[in-house]
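The sequence and structure come first.

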Amino acid sequence: MSDHQSLLSNYSGRPLRIMEVCGTHTHEIFRLGIRSLLSKNIELISGPGCPVCVTPPGYIDSAVELALKHHAVIATFGDLIRVPGSEMSLAQARSLGAKLKTVYSPLDAVDFAADNPEKEVVFLAVGFETTTPSACIAVKRAAALGIKNFSLLTANKTMPQAYKALQGSADAFLYPGHVHAIIGTELCEELKNDYGVSGVVAGFTAEAVIKALGMIVEYAQSGEPFCDNAYTSVVKAGGNVAAQQLVNSMMEPCDCVWRGLGEIKGSGMKLKSQWSEFDAVAKFSLTPDDGKCNPICRCGEVLKGICKPCDCPLFGKVCTPINPVGACMVSGEGACSAFYQYGQ
Ligand code: SF4
């Protein structure tokens, strides 16, 4: 047993709530059985880091409108197809004639548009700092090839504003290593110094997660805000400068609605006006609104760490991965799905 593992198992200090802000961490922590190693004084709570889970119903409504009213082919990663909108999911829209194309990267969608010039192809660009650069690369490629029938419906989000919005939800964050590989760690220092927000950047193996959790428990004893990087092999202070420059050259911040968290100022990224021919909102004159969540679903509270999936009366009875009522049960990275798959 490593020192950190022993510390996590035998910890008897003040109760600590640690939020993993990343769906990949949620999934891996369950899959690796890390929760079972923890002392009862350490509680892990899942945050809003699964991009599918935080996609609001209004965004799905816009995608449905593009498919049914404008007859665009919706190119997307598979999970988004089953996320509920206000009235229906894309999967339900398919039975009304919506054309959907599952892709594995935005570049697949560009290739599909090139091969089908008579069709409008809209790629659903969701995700955090890790996936936004690939959406920009796709637009650049479409522009370079002179492709006119490709656009993005953007719901790209940035984590820093979410960390601030979640301030007070937990004693510390387990910062997602892949996001910080892009944005670096200077932000963590800023969060600590300016907002008193604590956390440690973590990788995704069992050893890496245990190390980061152990560091959080050690630091928390002081009672002072802290930050550190337990994933130094990948995450550098300045992050990935080339990716940052690419995104900043093509996109700009915007206010953005997160399922469960509501609108967070400046937490989204949208294409700059010079790329508007690739912006589906401008191209199809959409007027997106927030949409309506199912009032019975407690995804919003799950995403803020206020309740656990098993506190929802629908969990495992009405709402299952086969028949998801809310977004957190759709994605394999969602907290409800992970609780269902791996038990509580
Ligand atoms: S169990 Fe289903 S209905 Fe309940 S919060 Fe999770 S996704 Fe929503």
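Strands E10 and E11 (residues 262–271) pair in the antiparallel sense, over 7 bridges. In this pair, methionine 251 stands opposite leucine 271 of E11. The model is predicted.

**The sheet**

- Six strands make up an open sheet, in the order E4-E3-E5-E6-E11-E10, and the pairing is mixed.
- The edges are held by strand E4 (99–102) and strand E10 (251–258); each has a single partner strand, so one side of each is left without a neighbour in the sheet.
- From one strand to the next, the twist averages 30°.

**Helices on the sheet**

- Helix H3 (residues 57–68) packs on the sheet and touches strand E3 (73–76), E4, strand E5 (121–127), strand E6 (150–157) and E10.
- The direction of H3 makes about 175° with that of E6.
- Helix H5 (residues 106–115) lies across E3, E4, E5 and E6.
- H5 runs at about 175° to E5.

- The domain assignment divides the chain into domain 1 (1–297) and domain 2 (299–342).
- Between the C-alpha centres of domain 1 and domain 2 the distance is 18 Å.
- Domain 1 brings 30 residues to the contact, and domain 2 brings 20 residues.
- On the side of domain 1 that touches domain 2, the elements giving two or more residues are helix H2 (23–31) and strand E2 (42–46).
- H2 gives the most to that side of domain 1, with 6 residues.
- By class, the side of domain 1 that touches domain 2 holds 16 nonpolar, 10 polar and 4 charged residues.

- Helix H15 (residues 335–342) is mostly covered, with 6 of its 8 residues buried.
- The buried residues of H15 are Ala335, Cys336, Ser337, Ala338, Phe339 and Tyr340.
- Which elements cover these buried residues of H15? They include H2 and E2, along with helix H13 (299–303) and helix H14 (327–330).
- After H15 comes glycine 343, whose phi is positive, near 85°.

Conventions
Residues numbered from 1 in each chain as written. Predicted model: local features only at pLDDT ≥ 70, side-chain atom pairs only at ≥ 80, totals over all residues. Pairing = 2+ DSSP bridges. Helix = DSSP H or I, 4+ residues; strand = E, 2+ residues; numbered from the N terminus. Axes fitted to C-alpha atoms, helices over the stretch in contact; angles between N-to-C directions. Contact = placed C-beta atoms within 7 Å. Domains from an automatic or database assignment. Nonpolar A, V, L, I, M, F, W, Y, C, P; charged D, E, K, R; others polar. Buried ≥ 20, exposed ≤ 12 C-beta atoms within 10 Å, placed from the backbone.
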